[in-house]
Amino acid sequence: MPKFQAPRGTRDLLPTDRAVFLRLEDTARDLAMRYGFAPIETPIFEGSAVYERGVGEVTDVVEKELFRVQAGRGGSERERWALRPEPTAGICRAYVQHGMRTWPQPVKLTMTGPMFRYDRPQAGRYRQFWQFDVEAIGDAGPAIDAEIIELAMAFFGEVGLTDVQVLVNSIGDATCRPTYIAALTDYFRGHEAELPEQERARLETAPLRLLDSKDERMAGLVAGAPVITDHLCSDCQVHFEGLLAHLEGVSIEPRLEPTLVRGLDYYTRTAFEFYRSGAEGQQEALGGGGRYDGLVERLGGQATPGIGFGIGLDRVALALAEQDPTPAAEPWRPVAVVVGTDPDDTVVRLQLATELRGAGLASRPDLTARRLGKQLDGAARAGAHFAIICGDELEAGHVQVKDLMAGTQRQVDVTELARDLTRAHTQHRHGDDA
Ligand code: HAM
């Protein structure tokens with residue numbers, strides 16, 4: 001076992017894994033931009049207060065899982081930072097800081113990158129993980145709530161994940177939630193003796209969290225608890241009905257889930273999560289989000305509504321691998337490797353490969369002094385379609401093109417090489433030359 005290892009709960013994304021993530025990130029960015037979301041990048045760490053105030057001090061994410069960052073010198077009060085556990089609070093901090101209120105509303109932003117939570121590592125739960133995030137700030141909904149959910153579903157569709165379902169709920173607002181929380185607290189107090197110790201403690205600080213307790217002993221109690229959708233005020237009720245009508249309008253059939261409360265404090269009204277059908281355990285959410293109409297204000301801005309989602313790319317990658325274990329394409333795999341009969345003539349190999357790359361073909365020269373046979377073996381092992389053999393005929397303007405997949409070889413004029421290879425490679429990909 002090597003002495004130095006990636007920290008527990010993190011992992012190296014080796015080239016084939018990284019290629020999957022790159023494809024997910026590219027799809028995410030392209031899709032979000034098609035929906036009018038502009039890219040933004042906020043720092044990977046923020047003042048801890050952004051999360052304490054934004055996400056909420058008594059959430060698991062802040063209370064237990066925040067990676068606090070200490071500067072070398074120790075750090076003053078002003079220098080209390082934390083690695084971002086999620087992007088929404090940082091993006092809303094940026095909204096306030098840059099006066100985005102004066103931009104055309106809603107301000108639609110997207111970001112994809114690593115997040116950090118000091119959680120107990122397990123399958124699909126890492127201490128560094130990647131999220132595709134979108135936020136629409138400045139629109140009170142409910143139509144945009146449906147648009148955001150539809151965008152997430154379109155992402156799952158474009159990356160090829162089938163069977164994804166959205167669970168939705170309304171968790172009310174400052175008008176109706178306190179009454180609901182009072183009813184919920186009363187209910188659980190009536191069952192206090194049956195509550196596991198941790199849940200009894202949470203009853204005082206975050207009673208809503210009992211609804212999505214990970215403790216199996218809670219299942220029966222939660223099933224009998226009062227549901228928030230019976231306690232919504234009329235504005236929240238109208239909003240929720242509007243959301244459902246718009247979802248229907250874009251042919252999305254949500255599953256209504258009255259115990260879905262989400263783990264971050266900033267949510268109001270619309271809350272949702274995405275699951276693959278039949279994989280609805282706590283660890284399996286592919287993504288989640290909701291409305292956060294109070295967050296910008298909590299971070300020092302004016303009252304501004306907002307809604308967004310975060311999709312866990314690690315979990316999407318795992319689900320895709322389960323669905324289809326065939327390794328993903330490797331875009332760095334060469335179409336052509338330029339080899340040479342004169343072991344020392346690397347200049348000509350380098351020149352030819354450079355020319356092919358200039359024409360858009362993934363190519364590499366073999367720059368070793370190995371014998372031709374070894375160079376050809378290397379080209380085949382690299383998965384190249386063609387080996388370009390530079391020999392004496394080069395003086396007359398010709399090279400040999402060996403098709404490593406078909407096992408054929410022919411002479412090609414150097415001036416025709418790029419066009420010839422492009423045509424032959426495309427034909428092969430479409431199966432025309434079999
Ligand atoms: P979240 O539900 O905490 O929401 O995280 C969103 C997604 O990130 C989860 O559904 C999951 O797929 C993934 N995820 C979370 N923690 C881990 C982990 N430890 N390892 C692997 N994947 C993980 C948010 O973060 C909100 N900011 C979403 C949002 C955006 N709400 C409004 N706008």
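Predicted model: local features only at pLDDT ≥ 70, side-chain atom pairs only at ≥ 80, totals over all residues.
Start inside. The largest nonpolar core has 91 residues. F155, F156, F188 and V316 touch the most other members of that core. Helix 5, residues 143-159, supplies the largest share, 10 residues. V316 shows how the packing brings in residues from elsewhere in the sequence. Neighbours within four places aside, V316 is in contact with L24, F155, F156, V159, L161, L286 and I311. There is also a second, separate core, made of 17 residues. Its members include V338, L361, L417 and L421.

Now the aromatic rings. The structure holds 12 aromatic pairs. One of them joins F21 and W130. Ring pairs are described by two values, the distance of the centres and the angle of the planes. For F21 and W130 the centres are 5.6 Å apart, and the planes stand at 80 degrees, which is edge-to-face. F21 belongs to helix 1 (residues 15-34) and W130 to strand 6 (residues 128-137), so this pair ties together parts that are 109 residues apart in sequence. Both partners are away from the surface by the accessibility criterion: F21 is buried at 3% relative accessible area, and W130 counts as buried at 13%.

F274 and F309 form another edge-to-face pair, with 6.5 Å centre to centre and 80 degrees between the planes. This pair also links distant parts of the chain. F274 sits in strand 9 (residues 268-276) and F309 in strand 11 (residues 306-312), 35 residues apart. F274 is buried, with a relative accessible area of 0%. F309 counts as buried at 1%. Both rings belong to a cluster in which ring pairs link F132, F155, F156, F272, F274 and F309.

Next, helix 13, residues 372-381. Which of its residues are buried? They are Q375, L376, G378 and A379. These residues span an arc of only 155 degrees around the axis, so they lie on the same side of helix 13. The general rule is that an α-helix has 3.6 residues a turn, so residues three or four places apart point the same way. The buried residues of helix 13 pack against strand 12 (336-340), helix 12 (346-358), strand 14 (386-390) and strand 15 (398-403). After helix 13 comes G383, with a positive phi near 85 degrees.

Strand 3 pairs with strand 4 (residues 81-83) over 2 bridges, in the antiparallel sense. R68 stands opposite A82 in strand 4.

The loop between strand 1 (38-39) and strand 2 holds T42. T42 counts as buried, at 7% relative accessibility. Leaving out neighbours within four places in sequence, T42 is in contact with R84, G90, I91, R93, A94 and M111.

Last, the cysteines. How many disulfides does a search of the whole structure find? It finds 0. C176 is worth a look. Its sulfur lies 3.6 Å from the closest cysteine sulfur, that of C233, and this is too far for a bond. The cut-off for a disulfide is 2.5 Å between the sulfur atoms. C176 counts as buried, at 5% relative accessibility. C390 also counts as buried, at 5%.

Technical notes:
Residues numbered from 1 in each chain as written. Heavy atoms only, no water. Pairing = 2+ DSSP bridges. Helix = DSSP H or I, 4+ residues; strand = E, 2+ residues; numbered from the N terminus. Buried < 20%, exposed > 50% of the residue type's maximum accessible area, 1.4 Å probe, protein only. Arc of directions from axis to C-beta. Contact = heavy atoms within 4.5 Å. Core = buried A, V, L, I, M, F, W, Y, C linked by side-chain atoms within 4.5 Å. Phe/Tyr/Trp six-rings, centres within 6.5 Å; stacked < 30°, edge-to-face > 60°.
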